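Reader: I would like to go through this model with you. I will ask what each label rests on.

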Amino acid sequence: MTTNDPLLKWREEFPILAKKTYLINNSLGAMPRAARAGLNHFADMWENDGVVAWHYPDGSGWLDDCEKTADLIGSVINAKPGTMMLHLNVASLTAQVLSSIDFSGPRNRIVYDDMQFTSPHYVCQAWTRYGAQLEIVKSDDGIGVDVQKIVDAIDERTAIVPISHVYFRSAYLQDVKPIIEKAHKVGAKVLLDIYQSIGTVPIDVQDLNVDFAVGGSVKWVCGGPNVCYLYIRPDLMKDYNPALTGWISHARPFRFEMEFEPHEGAWRAATGTPPVVALYSARPGYEIIKQVGVENIRAKSKRMTAHLFEKAREAGFKVNSPTNPERRGGTVCINFEGASKAENKLIERGFIIDYRPGGGIRVSPHFYNTLDEIDAIVEEMKKIRAGS
Ligand SMILES: Cc1ncc(COP(=O)(O)O)c(C=O)c1O
């Protein structure tokens, strides 16, 4: 894979790869060289054109780029143009989706599991003040959650099921289709958190028929912080009326009317000023992911995580990720006595990873990594475990 792997030609587009063994792509993907040019382009517009940059006479400008960037990331998950909106983070988007639901009646349950990322979990907990009742399905092994247990927990009292596609702690790839089908059968909605899957696991929001999807850019799509996005299924658009709104969500934002009328399209999810600066650093990563192709990334990722899994097991480490490659995302979590302290040692030695309590050291190779890098980090962990 290392010598005749066509994906390795992309390595030169990511400067950090020449300096470090960069294996933490499920946390922060490597910065593409072109991200700096994107930020310079933003600075040029701001410096030279000032306020005109929002909207040039030919229709281009920051607002137009916001729409185009939303559609670009949407194309990675087969979302139709006009169904995506950019935002700041998943926490605020989760709050926005919940704010579109009335929890005062008998349909007031939020069903999810205890492997969810903390941002949506904290927002759901906070929503109990508005009448939401939480039904949290427990994982039996701290790695995955039996899909049938989630399906069974969904009933006519369920309003929404906010669930991760790939779990951040273990990289378990949840089988979300039965969850979506059951939710729809009883009249509930699903908010799919694709942050840990987009860019490494193929996603087709139309095929999944999911109601909402939320994700961001820092991880596998190599886009950097503060550009998250919401997908709204087209037939839900006209009824999506969140309480969390703002001037840009208005049908005619620049008229500043005191009566609120939502924009007919995805702009209704925008709230206030969109993440203009960050979208210019995010776009190059999205474009590269599109060019490489998520199917190709997934095929290589499966080979790399299988290799890593085997090497880690051979070395006697505990592996806290699914054994079944079909249920595994792009990360392998490796634990051993002293793993939390090994995090810093590895980073000092040029191996960029992180440690998560309950999971271990997360090693997440991307399309630009090599098998040699994987072998090298396993060797380094063995040395640290032995006391060096
Ligand atoms: C599954 C998942 N969702 C969301 C986030 C990020 O949430 P936020 O955008 O609120 O920082 C992460 C990790 O950073 C994650 O792993």
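Reader: What makes domain 1 and domain 2 count as being in contact?
Author: Two residues are in contact if their C-beta atoms, placed from the backbone, lie within 7 Å. By that rule, 27 residues of domain 1 are in contact with 24 residues of domain 2. This is a predicted model: local features need pLDDT of at least 70, side-chain atom pairs count only at pLDDT 80 or more, and totals for chains, interfaces and linings use all residues. Residues are numbered from 1 along each chain as its sequence is written.

Reader: Which elements give two or more residues to the side of domain 1 that touches domain 2?
Author: Helix H9 (294-314) and strand S10 (332-335). H9 gives the most, with five residues. Helices (H or I, at least four residues) and strands (E, at least two) are DSSP runs, numbered from the N terminus.

Reader: How does that side of domain 1 divide by class?
Author: Into eight nonpolar, 13 polar and six charged residues. Ala, Val, Leu, Ile, Met, Phe, Trp, Tyr, Cys and Pro count as nonpolar, Asp, Glu, Lys and Arg as charged, and the others, Gly among them, as polar.

Reader: Where do the bounds of domain 1 and domain 2 lie?
Author: The domain assignment gives domain 1 as 6-30 + 293-385 and domain 2 as 39-290. Such bounds come from an automatic or database domain assignment. The C-alpha centres of the two domains lie 28 Å apart.

Reader: Why is helix H3 called largely enclosed?
Author: Seven of the nine residues of H3 (90-98) are buried, so the rest of the structure largely encloses this helix. Buried means 20 or more other C-beta atoms within 10 Å of the residue's own; exposed means 12 or fewer, and partly exposed lies in between, with C-beta atoms placed from the backbone. The buried residues of H3 are Val 90, Leu 93, Thr 94, Ala 95, Gln 96, Val 97 and Leu 98. Their cover includes helix H4 (118-126) and the strands S2 (84-87), S5 (158-164), S6 (189-193), S7 (212-215) and S8 (228-232).

Reader: What makes S2 and S4 edge strands?
Author: The open sheet has seven strands in the order S2-S8-S7-S6-S5-S3-S4, with mixed pairing. S2 and S4 (133-137) each have a single partner strand, so one side of each lacks a neighbour in the sheet. Two strands pair if DSSP finds at least two bridges between them. Neighbouring strands are turned by 20 degrees against each other on average, direction ignored. H3 packs on this sheet, touching S2, S5, S6, S7 and S8, and its direction makes about 160 degrees with that of S7. Axes are lines fitted to C-alpha atoms, for helices over the stretch in contact, and angles run from 0 to 180 degrees between N-to-C directions.

Reader: How do you know that S3 and S5 pair?
Author: S3 (109-113) and S5 share two bridges, in the parallel sense. Arg 109 has Thr 158 in S5 as its bridge partner.

Reader: In what sense does S7 pair with S6, and in what sense with S8?
Author: S6 and S7 run parallel, joined by three bridges. S7 and S8 are antiparallel, over four bridges. Ala 213 of S7 stands opposite Leu 192 and also opposite Tyr 231 in S8. Both faces of S7 are covered: Phe 212 and Val 214 on one side, and Ala 213 and Gly 215 on the other, are all buried.

Reader: Which residues are around the ligand?
Author: They are Asn 89, Val 90, Ala 91, Phe 117, Ser 119, Ser 164, Phe 168, Asp 193, Tyr 195, Gln 196, Gly 216 and Cys 228. A residue is near a molecule or strand if its C-beta atom, placed from the backbone, lies within 6 Å of it. The shell divides into six nonpolar, five polar and one charged.

Reader: Is Asn 78 buried, exposed or partly exposed?
Author: Asn 78 has 14 other C-beta atoms within 10 Å, so this residue is partly exposed. Asn 78 is in the loop between helix H2 (62-76) and S2. Its phi is near 55 degrees, a positive value in a residue other than glycine.

Reader: Why is Ala 171 called buried?
Author: Ala 171 has 29 C-beta neighbours inside 10 Å, so the residue counts as buried. Ala 171 lies in the loop between S5 and helix H6 (176-185). Its phi is also positive, about 70 degrees. Most residues other than glycine have a negative phi.
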